[in-house]
Amino acid sequence: MSVLTLEPVTAANWRECAGLTVRPEQTEYVAAVTYYLCLCFYGSTWQPLAITRSGTVVGFCMWGVDDDASRWIGGLVIDSAAQRTGIARSALTTLIERFEAEPDCPGVALSYTPDNTAAKSLYASLGFRETGETVDDGVEVVARRYV
Ligand SMILES: CC(C)(COP(=O)(O)OP(=O)(O)OC[C@H]1O[C@@H](n2cnc3c(N)ncnc32)[C@H](O)[C@@H]1OP(=O)(O)O)[C@@H](O)C(=O)NCCC(=O)NCCS
């Protein structure tokens, strides 16, 4: 049975994270993982996580805490070779459970480009509902899941 874990990005695994790629038609929906790693390293908002399956990095995401204590998830990338095998659903479920178990967590938020139908249906199936808010100059819609 394959074991999925969320792990810190370290000197040992950052290259595997940086090597993750999406399908050509998906590149408009996300930045390169190297860009996300720089956001995490040089900014003060985001924390990176490597998503591993049986010890191999198959995905990446990052998380942060907003002023209202909402937990945000961003930069979700599952390597093209590993997509459609339940990794994103499993990783997000783990992360949501982790956040919602924290005493001060009012809910979890994320954003996506409205025509990213794969992400939209994944997030909707996990209980995220669009709020009418947008980010990135209106490019992405915000969806939230309340505790
Ligand atoms: C969106 C993405 C993260 C999904 O990751 P994944 O591990 O392949 O997703 P899962 O296998 O866990 O699938 C969960 C659900 O997502 C949806 N989904 C995933 N891939 C899909 C696709 N190609 N088309 C339609 N729906 C899709 C489905 O609802 C699926 O549930 P189902 O299998 O019961 O139908 C992945 O396709 C990806 O990395 N895309 C490029 C980057 C991106 O868009 N990230 C999100 C930015 S907001």
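Helix α2 (33-42) gives the most to the lining of the second largest pocket, with 6 residues. The model is predicted; local features need pLDDT of at least 70, side-chain atom pairs count only at pLDDT 80 or more, and totals for chains, interfaces and linings use all residues. Residues are numbered from 1 along each chain as its sequence is written, and side-chain values use heavy atoms, without hydrogens or water. Helices (H or I, at least four residues) and strands (E, at least two) are DSSP runs numbered from the N terminus.

A pocket is an open set of points on a 1 Å grid over the protein atoms alone, where a 1.4 Å probe fits, with protein on both sides within 12 Å along at least five of seven lines; lining residues have an atom within 4 Å of a point. The second largest pocket holds about 150 Å³ of space. Its lining includes Val9, Thr34, Leu37 and Pro48.

About 1,300 Å³ lies in the largest pocket. Of its 49 lining residues, Val30, Leu76, Asn116, Ala119 and Tyr123 are the closest to its centre. The ligand sits in this pocket, meaning that more than half of its atoms lie within 2 Å of the pocket's grid points.

Around the ligand are 21 residues, each with a heavy atom within 4 Å of it. Helix α4 gives the most to this shell, with 4 residues. Polar contacts are pairs of N or O atoms within 3.5 Å. A ligand oxygen is 2.7 Å from a polar backbone atom of Arg84. Another entry is Ile78, with a polar backbone atom 2.9 Å from a ligand oxygen.

Definitions and conventions:
Polar contact = N/O pair within 3.5 Å; in protein donor to acceptor, adjacent residues only side chain to side chain. Points joined across faces, edges and corners; volume = space filled by probe spheres on them.
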